[in-house]
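Q: I should like to learn how to read the features of a structural model. May we work through a few of them in turn?

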Amino acid sequence: MTNPKAAALSPFQIVSLLSIFLLAIFPHPILSTKSSEGFEFLKNLEGCHKGQTVKGLRELKLYLKKFGYAANVVNHTEYEHSDQFDDILEEEIKTYQLNYHLKATGNLDAETVKQMTAPRCGFPDIVNGKTPMRSGNKKESSLHTVSHFTFFRGNPRWPRSKSHLTYRFSSTIPVTSNIINTLRAVCSSAFARWAEVSHFTFSEAVHQADIVIGFHRGSHGDGHSFDGRGGVLAHAFAPVDGRFHYDADEKWSTHPAQGSGTYDLESVALHEIGHLLGLGHSTERDAVMFSSIQPGSLKRQLYANDIRGVRTLYGLRP
């Protein structure tokens, strides 16, 4: 007969077994064996500077356009299809470098390429404009900057009367009940972090909801296609749109290990919920709202800059 005391599991053993179970849920890309180099092509352009014509610079121009750095030129189509490193590209790179607190050389130096190749959120750094988040030119700025956090153009936000937001899960690819249950726990934790520092409360809904969260692949109907493994990890939209999408081709985990190439579901959820509430990208690297995150990294606690951002946007006490 089994000794009940001997069979009982300690709290530590229970947590360890739960961690192993959760890791087993997301060891590989969800229903995918697709491989992609993400932004790795940029590494081939390291050292490029104005005056050169180098194969691959047109892809760099598309990258900069995707994330909001496209200059206002007369013939942008002709510019995009050229591999020439001209004055326009130099200015776009300088703008990018200023945004990320890099030396504004206008050249593709090692530090700039390192930042550009980092996996990141798909939401642009700059919306409807060409001025960096750190710009002092307020007349041209498309983002309202306070400290090192930003809001979207026009400061879109949820109505003051709408302090309780509901969310539900819906994906355009098949997902198992285990995956949904894990995502449910992860998002519940992330929403709780924002609720602690704001006037918002959140709850899950079955049918109609203010926010819809799910896994998607490639072109999925919102005009912002995912790019396979690496590159863009997820994206969300400003209030009151409510859409939050994970790229299903990424390797997701609840406990990502260093060197495994996996990304933390909760860290990314915390970032994208910030967008759903109206925050743009932060220029503080420690902030949850910084645009990129490395595989194996955790950002599950809001940074002071994130908290000041949401409280400023909604007129809450510091």
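Predicted model: local features only at pLDDT ≥ 70, side-chain atom pairs only at ≥ 80, totals over all residues.

A: We begin with the length of a helix. At 1.5 Å a residue, the 13 residues of helix 5 (residues 87-99) should span 18 Å. The end C-alpha atoms of helix 5 are 19 Å apart, which agrees.

Q: Which residue caps the N-terminal end of helix 5, and what follows helix 5?

A: The cap is Asp86, with a side-chain oxygen 3.3 Å from the backbone nitrogen of Ile88. After helix 5 comes His101, whose phi is positive, near 55°.

Q: Against which helices do the buried residues of helix 5 pack?

A: They pack against helix 3 (57-66), helix 4 (76-80) and helix 6 (110-116). Among the buried residues of helix 5 are Leu89, Ile93 and Tyr96, and also Glu90 and Glu92.

Q: How many residues has the largest nonpolar core?

A: In soluble globular proteins, nonpolar side chains tend to be buried together. Here the largest nonpolar core has 46 residues, and those with the most contacts inside it are Trp194, Ile213, Phe215, Tyr246 and Leu277. Helix 7 (177-197) and strand 6 (211-216) are among the elements that each supply at least two residues of this core. The largest share, 9 residues, comes from helix 7. Apart from this core lies another, of 24 residues, including Tyr79, Leu102, Phe226 and Phe290.

Q: Is Asp264 buried or exposed?

A: Buried means under 20% relative accessible area. Asp264 has 2% relative accessibility and therefore counts as buried. Asp264 lies in strand 10 (residues 263-264), and its side chain makes a polar contact of 2.6 Å with that of Ser267. Asp264 also touches residues including Trp252, Pro256 and Arg300.

Note on methods:
Residues numbered from 1 in each chain as written. Heavy atoms only, no water. Core = buried A, V, L, I, M, F, W, Y, C linked by side-chain atoms within 4.5 Å. Buried < 20%, exposed > 50% of the residue type's maximum accessible area, 1.4 Å probe, protein only. Helix = DSSP H or I, 4+ residues; strand = E, 2+ residues; numbered from the N terminus. Expected span 1.5 Å × (residues − 1). Contact = heavy atoms within 4.5 Å. Polar contact = N/O pair within 3.5 Å; in protein donor to acceptor, adjacent residues only side chain to side chain. Lists of a residue's contacts leave out its neighbours within four places in sequence.
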